[in-house]
Amino acid sequence: MVLLALAGLSSCAAYHPAPLLDTAQVAVPLPTAQPLTLAQLVALAMKRDPDLVAARAQAGIAQAELLAAGTPPDPSLSIGFEALLGGPASMSAIAGSLGEDVSLLVTRSADVNAAKAHLLQVNANILWQEWQVAARAAQLGVTLTGEAADLASLHSDDQALTALEQDVQVQTAAGNLTQQDVSATQTALAVLRIALNSEERSQARDEAQLDALLALPSGTPVALTPPDVAQIPPERQQQALATLPRRRPDLLALRYGYTEADEKLRAVIRSQFLPISLGAQGGRDTSGVVSAGPQVALSLPLFNRNRPAIQTAEATRAALRAQYAASLADARNGAEALEQSISLLQRQATQADQAAAQAASIAEDARHTFAAGGLDARMETDLITAAGDREREVIQLHTQLQTANLSLAVLLGLD
């Protein structure tokens, strides 16, 4: 018996310290200096995002809980010795018992199924978090590309208005134009530079968010290629909506959570007679009589009958059922609303493309007319400003359209 106990102790786990790091880990540079495609950016974000690295560690906890659900408890051994100190008896008394809690056998199938469902729920939640990170990285890539195009357009208008302002100053000094022409050009230039400064701040903020997502030091430049976000065909949208509950990770996580709650309810109903312990006991009394026999211990469901735990489990299952129905409705409503928004953005983008092309053509003609003296400075200023505004409207609408298509893909559980 002693040897058996020593063998069991030799296989026990040992403690190993794992101290926390008080300094941030050195950021690993990007594997390439070439401009990243949207797919490459997403892959890097999913690999490097610190929050995802931490989230993936949660799967180990759920795996350990699954191991605990299927592993029976260790048996208990009790040994007693009473030395004879006096009286008519002739020897010391010895008693012992060996017992095993067999409660797990009653609830094991439900406990294991619940733990499996919980592990699947954790994995689905991690997958959904990965999808969110992927979507965020893609949206930042689209946004930053749009901001770069916006800044290029603003700088182009700044150069055009600056050259015009210098020309107006010269012509005003020569008496060909008035101070009103100077004022109009300077006002337009001031408004443009306010927009330019605002766009630069937005770009710096989004670049910092992308650096954090890629676990890079703030201010690290990330070169990007122009994004190519595909439209989702209407027939694929309808098919995706029909199969949404079986594919979107957050909905799958809720389904696994409901399965876990259902199995836990099954387990607490079976637990009305628990705990149950089986074993054997025996001994020798002081008169030398030796006895041995089985031992059974269980609860009698007369008063409590595990009703509080059963009611809690039933309420938990009902709440998860309602939460799943609400989440599914929100997912479908959100996808359908986004589809309508995409249709509107497509129509507006087509109209904006035509208006921008027309405004650019008019501004180009006006530039030659102004150089020939056939157009005043205020009109030239207005036409340059109008063409730039139209160009930036196109950029913003296409950025919004690409972002909406990315969001729709996430909502539909695609790609």
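Two strands are taken to pair if DSSP finds at least two bridges between them. Helices (H or I, at least four residues) and strands (E, at least two) are DSSP runs, numbered from the N terminus. The structure is a predicted model, in which local features need pLDDT of at least 70 and side-chain atom pairs count only at pLDDT 80 or more, while totals for chains, interfaces and linings use all residues. Residues are numbered from 1 along each chain as its sequence is written, and side-chain values use heavy atoms, with hydrogens and water left out.

By the pairing criterion, strand E3 (residues 277-284) and strand E4 (residues 290-297) are antiparallel partners joined over eight bridges. Within this pair, Gly279 is set opposite Gln295 of E4. The hairpin of E3 and E4 has five residues between the strands, and Gly288 adopts a positive phi near 95° there. E3 is also joined to E2 by eight bridges, and these two strands run antiparallel. Ala95 has Gly283 as its bridge partner in E3. Ala95, in E2, also stands opposite Gly80. The pairing of E1 with strand E2 (residues 93-101) is antiparallel and extends over seven bridges.

Together the four strands form an open sheet with the order E1-E2-E3-E4 and antiparallel pairing. Strand E1 (76-82) and E4 are at the edges, each having a single partner strand, so one side of each lacks a neighbour in the sheet. On average, neighbouring strands of this sheet are turned by 15° against each other, direction ignored. For this and the angles below, axes are lines fitted to C-alpha atoms, for helices over the stretch in contact, and angles run from 0 to 180 degrees between N-to-C directions. In a regular strand the side chains alternate between the two faces of the sheet.

Burial was assigned from relative accessible area: buried means under 20%, exposed over 50%, and partly exposed in between (1.4 Å probe, protein chains only).

The axes of helix H5 (residues 103-173) and H8 come within 8 Å and cross at roughly 165°. H5 and H8 are therefore roughly antiparallel to each other; angles under 35 degrees count as roughly parallel, over 145 as roughly antiparallel, 65 to 115 as roughly perpendicular and the rest as oblique. The crossing of H5 and H8 is left-handed, a term used if the near helix is turned anticlockwise from the far one by less than a right angle, with clockwise giving right-handed. The contact of H5 with H8 comprises 14 nonpolar, eight polar and seven charged residues. In this classification Ala, Val, Leu, Ile, Met, Phe, Trp, Tyr, Cys and Pro count as nonpolar, Asp, Glu, Lys and Arg as charged, and the others, Gly among them, as polar.

For H8 and helix H9 (residues 307-371), the axes come within 9 Å, again with a crossing at roughly 165°. That angle makes H8 roughly antiparallel to H9. H8 and H9 cross in the left-handed sense. The residues of their contact divide into 14 nonpolar, four polar and five charged. Leu265 is located in H8 and is buried, with a relative accessible area of 5%. Leu265 and Arg317 are separated by 52 residues in sequence and by 7.9 Å in space, C-alpha to C-alpha.

Rings of Phe, Tyr and Trp (its six-membered ring) were taken to pair if their centres lie within 6.5 Å, with planes under 30 degrees apart counted as stacked, over 60 as edge-to-face and the rest as tilted. This rule gives a count of one aromatic pair. The ring centres of Trp128 and Trp131 are 6.1 Å apart and the planes stand at 40°, so the pair is tilted. Both residues belong to helix H5, three residues apart, about one turn of the helix. Trp128 and Trp131 are both buried.

Positive phi values also occur in residues other than glycine. Ala215 has a phi near 55° and is placed in the loop between helix H6 (179-213) and helix H7 (234-242). With 27% relative accessibility, Ala215 is partly exposed. Arg305, which is not a glycine, has a positive phi of about 50°. Arg305 lies in the loop between E4 and H9 and is partly exposed, with a relative accessible area of 34%.
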